[in-house]
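Student: Please take a close look at a single part of this structure, and give the cut-offs behind the terms you use.

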Amino acid sequence: MKQKFFAAFVAFCAAGTNLSVAVAQDKMPVIATFSILGDLVKNVGGHRIEVGTLVGSNADAHVYAPTPADAKRVGAAKVVFINGLGFEGWITRLVKASGTKALTITVSKGIKTRKMEDDHGHGPAATDPHAWQSVSNAKTYVATIRDGLIAADPAGKSTYEANASAYLAKLDALEAEVQAVIGKIPPDRRRIITSHDAFGYFGAAYGIEFIAPTGVSTEAAVSARDVAKIIAQIRRQKIPAVFMENVTDPRMMEQIAKESGAKIGGRLFSDALSDEKGPASSYIEMMRNNIHQLATALTS
Ligand code: ZN
């Protein structure tokens, strides 16, 4: 009796396993180069696709070094979504090395681009690749993602269209929220110093001035001498808040705050999402986190 039950249980498990394998195989394998793009693709593709992300949460796509495993995943993909604008300097070689037959879609196509304030590692006056920092651009990305998925999987057309329009409605609501939160900050206080020149599209769209620290490298860790320069600049330009991710020494941040009178902002997410438990686990949560960090530092 006991044995019979066990046999039935094994058969049930096996059937269950086969079923889940069949479902996984039905999903179209898709690759997105970085976490923010992966989230947008997931929202449009829904249950019809399996999204893999090359550069994961909290990781830097600018300096990413692809692995042989990445080449394998790209090789197996039906669609590869790329930001473009020079953001993923390594992607062309990776796509070639993978021998993939995937449809390659550049989601920034059709975006009105801007130039970087500083080189940000891209070379002088390079095109700013961080277009997703404006919600309006993210909506263009979503439309391009939808059309790319339909081209690769025409049978899913109605699903992709429905998912995209539902998600675009959420992005409309997000954009209204961004404008409302930023709108409450007095115009003369809408300026911050940031070590991260990744918010040019955000600043242009919503009216916040992101000022780079002058004479300080944005790549390397900030030295005590740099701190003195930053304090002088904050006083000179009357900047209400500072978001400096590469000042890792809390005593330096305290010194900046104390001597300049500027507030120290929290963490802004620019090029990658946080992990799932973090404050920026999706594109929408990332934008919400950033506007609330800005509002907290710039109001009062
Ligand atoms: Zn960047």
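**A pocket and the ground beside it**

Tutor: Where pLDDT is low, the predicted coordinates should not be read in detail. Across the chain, the mean pLDDT is 88, with 88% of residues at 70 or more. This is a predicted model: local features need pLDDT of at least 70 and side-chain atom pairs count only at 80 or more, while totals for chains, interfaces and linings use all residues. Residues are numbered from 1 along each chain as its sequence is written, and side-chain values use heavy atoms, with hydrogens and water left out.

The lining (residues with an atom within 4 Å of a point) has 13 residues, and S35, K42, T53, L273 and S281 lie nearest the centre of the pocket. By class, two of the lining residues are nonpolar, seven polar and four charged (Asp, Glu, Lys and Arg are charged; Ala, Val, Leu, Ile, Met, Phe, Trp, Tyr, Cys and Pro nonpolar; the others, Gly among them, polar).

Helix 2 (35-45) and strand 2 (49-55) each give the lining at least two residues (DSSP runs from the N terminus: helices H or I, at least four residues; strands E, at least two). Helix 2 makes the largest share, with four residues. Domain 1 (2-176) and domain 2 (180-299), with bounds from an automatic or database assignment, each contribute at least three lining residues.

Next comes the loop between helix 2 and strand 2, where R48 lies. R48 forms a salt bridge (side-chain nitrogen of Lys or Arg within 4 Å of a carboxyl oxygen of Asp or Glu) with D153, the closest N and O atoms being 2.9 Å apart. D153 lies in the loop between helix 5 (135-152) and helix 6 (157-183), so the pair ties together parts 105 residues apart in sequence. The structure holds 10 salt bridges.

T159, in helix 6, touches H47 and R48, leaving aside residues up to four places away in sequence. T159 is 8.4 Å from V44, C-alpha to C-alpha, although the two are 115 residues apart in sequence.

Definitions and conventions. 1 Å grid on protein atoms, 1.4 Å probe; cavity = no way out; pocket = protein on both sides within 12 Å on 5 of 7 lines; lining within 4 Å. pLDDT = per-residue confidence, 0-100. Contact = heavy atoms within 4.5 Å.
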